Amino acid sequence: MLETNGIPPRLAGRECEALICQQYWQDGRLVNGVDVLYIKTNGRWHQLYFENCTIFWRAQTEAPVPHEAQRDDPFKYPLVDLGHEYRVNGEVIASCDAAPIVNGVKVTLAFEMGNKVIVTCIGNVTGIQYIKTY
């Protein structure tokens, strides 16, 4: 079953200005590939994250800031510039669709050039996949 908390932003037809992923690491091991996905369009930031396979959308006024870990903190939350890595900054988002999958949910960002970014939450573990079509 697909559950959403918050209002999904209107991303279709808008330029992706930035796509930043906050990961979650514990004791040097990647626990969640996507703790929060930040999407910037029209000068506005949108947060996408999951809790118990519920999709959460939140508006945010400021750019994401890296979490400052304490010296012996076993938890790390690095920011990864996926817009640069996947070369989707400047591309127009064709659609943003959410769908239930076996034991979870997925959100697919499709770009006009055909590439896709798929964020999944399966059994409360998140991941991300980039599909390049050209």
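Contact here means heavy atoms within 4.5 Å. With that in hand, this is a predicted model, in which local features need pLDDT of at least 70 and side-chain atom pairs count only at pLDDT 80 or more, while totals for chains, interfaces and linings use all residues. Residues are numbered from 1 along each chain as its sequence is written, and side-chain values use heavy atoms, with hydrogens and water left out.

**Around Leu19**
- Leaving aside neighbours within four places in sequence, Leu19 touches several residues, including Leu37, Ile39, Val80, Leu82, Val88, Leu109 and Val117.

**The nonpolar cores**
- A nonpolar core is a set of buried Ala, Val, Leu, Ile, Met, Phe, Trp, Tyr and Cys residues joined through side-chain atoms within 4.5 Å; buried means under 20% relative accessible area (1.4 Å probe, protein chains only).
- The largest such core has 23 residues, and Leu19, Leu37, Ile39, Leu48, Phe50 and Leu109 are those with the most contacts inside it.
- Two or more residues come from each of β2 (18–26), β3 (29–41), β4 (44–51), β5 (54–60), β9 and β10 (116–122), with β9 giving the most, four residues.
- A second, separate core has seven residues, among them Ala18, Val36, Trp45 and Phe56.

**The four-stranded sheet**
- Strands are DSSP runs (E, at least two residues) numbered from the N terminus, and two of them pair if DSSP finds at least two bridges between them.
- Eight bridges join β8 to β9 (residues 104–111), and Ala99 stands opposite Lys106 in β9.

Conventions. Buried means under 20% relative accessible area, exposed over 50%, partly exposed in between (1.4 Å probe, protein chains only).
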